[in-house]
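Dear colleague,

Please read the notes with the structure open beside them.

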Amino acid sequence: MPAKYISFIAFLILCVGGGALIGTQNLPGDWYDGLTKPFFNPPSWLFGPVWTVLYAMIAVAGWRTWIRNANGTLMKIWFAQIALNFTWSPVFFTYHWTLFAALIILAMIVLTAIFIVSVWSKDRVAGWLMIPYLCWIGFASLLNISLWWLNFA
């Protein structure tokens with residue numbers, strides 16, 4: 001199997017598999033159930049399917065960038081945003097540090113926006129693949145901040 005396809009599978013495993021692992025190890029649980037939620041809080045069943053699709057899209061964008069320049073600045077930005085993404089769930093759901101989680105997700109938004117703007121002229125497909133993710137984490141940041149405000153401010 002050519003290295004190009006092996007790296008594609010590796011990106012899918014990293015993003016979809018890593019996201020699933022993080023998600024199953026940092027469940028919302030009773031703590032989250034007991035929080036006062038804003039009126040726009042989505043139903044719990046929505047998060048799994050949305051994140052699965054988003055992680056697949058993030059993987060493809062990362063892989064497309066990787067095959068062009070594995071050691072470039074764009075890959076560093078991509079890896080930084082996915083590292084923050086994987087950090088958010090334990091910080092929020094396991095440690096209950098809602099304000100710190102909000103700072104993490106705001107940094108994710110900044111890095112994702114920088115990635116999209118920077119990759120746009122080189123690979124529009126990679127840029128487009130990250131736009132739904134940017135929208136979702138924008139919404140998630142509003143939800144995160146609202147949960148902090150309603151329960152801990």
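In this predicted model, Asp-123 forms a salt bridge with Arg-64, and the closest N and O atoms of the two are 2.8 Å apart. This pair links distant parts of the chain, since Asp-123 lies in the loop between α5 (98-119) and α6 (124-152), while Arg-64 belongs to helix α3 (residues 47-68), 59 residues apart.

Asp-123 takes part in another such contact, for Arg-68 also forms a salt bridge with Asp-123, here with the closest N and O atoms 3.0 Å apart. Again distant parts of the chain are linked, with Arg-68 in helix α3 and Asp-123 in the loop between α5 and α6, 55 residues apart. Through these shared partners, the salt bridges join Arg-64, Arg-68 and Asp-123 into one network. A search of the whole structure finds two salt bridges.

As for how accessible these side chains are, which of the residues are buried and which are partly exposed? Asp-123 has a relative accessible area of 6% and is therefore buried, the cut-off for that being under 20%. Arg-64, by contrast, is partly exposed, with a relative accessible area of 26%, and Arg-68 likewise counts as partly exposed, at 37% relative accessibility.

Definitions and conventions:
Residues are numbered from 1 along each chain as its sequence is written. This is a predicted model: local features need pLDDT of at least 70, side-chain atom pairs count only at pLDDT 80 or more; totals for chains, interfaces and linings use all residues. Side-chain values use heavy atoms; hydrogens and water are left out. A salt bridge is a side-chain nitrogen of Lys or Arg within 4 Å of a carboxyl oxygen of Asp or Glu. Helices (H or I, at least four residues) and strands (E, at least two) are DSSP runs, numbered from the N terminus. Buried means under 20% relative accessible area, exposed over 50%, partly exposed in between (1.4 Å probe, protein chains only).
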